[in-house]
Amino acid sequence: MDTGLDRGLILATEPIWILLLARLSLAEHVSRPSWTGAAAATGGIAILAGPAALSPSTGPRALAGIGLVALGTACFGANTIVLRPLSRTCGPVPATAASTVVGTALQLAFAGSLSSHHLGLLPPAARAELSFLALGSTAAGKPS
């Protein structure tokens, strides 16, 4: 049974992606305490998730899902890194607005791949999560 713990563990690698991308793309020095903190955060999630999160998933769909979650986490880390210099140049609000517009355009490119029939089949918890992401953290979370 999939409890989402494996996805949570993959999402917990976000600080590592940010540090790695900052080092590789911006040539920033990343201190040992930063690496240690990122590893401790990921390790803490692994401990909370328990051994079930590390059990191998079977089948190509499960592997594709894990790959998509990992790609999404890496993309969020890349977004964080790209926004740093843009925020310094333009300010944090315009940089965040530009990021939102570009991200929305990219998401709209894939919006046609979902049918209303498939969205209707989502369990109520998944619909609530999507609603929160769309309204709570995106629309309501932006500064006025």
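Start at Cys90: its relative accessibility is 43%, so Cys90 counts as partly exposed (buried is under 20% relative accessible area, exposed over 50%, partly exposed in between, with a 1.4 Å probe and protein chains only). This is a predicted model, where local features need pLDDT of at least 70, side-chain atom pairs count only at pLDDT 80 or more, and totals for chains, interfaces and linings use all residues. Residues are numbered from 1 along each chain as its sequence is written, and side-chain values use heavy atoms, leaving out hydrogens and water.

Next, select Cys75. Cys75 is also partly exposed, at 45%. The structure has zero disulfides (pairs of cysteine sulfur atoms within 2.5 Å).

Now go to helix α2, residues 14-25 (helices are DSSP runs of H or I, at least four residues, numbered from the N terminus). Its 12 residues reach 16 Å from first C-alpha to last, close to the 16 Å expected at 1.5 Å a residue (1.5 Å times one less than the number of residues). Select Ile18, Leu19 and Ala22, the buried residues of α2. They cover an arc of only 95° around the axis, so they lie on the same side of α2 (the arc is that of the directions from the helix axis to the C-beta atoms). Turn to the face away from that buried side: exposed Leu24 and Ser25 are there. After α2 comes Ala27, with a positive phi near 55°.

Last stop: helix α7, residues 124-139. Select Leu130 in this helix. Leu130 is partly exposed, at 45% relative accessibility.

Notes: Helix = DSSP H or I, 4+ residues; strand = E, 2+ residues; numbered from the N terminus.
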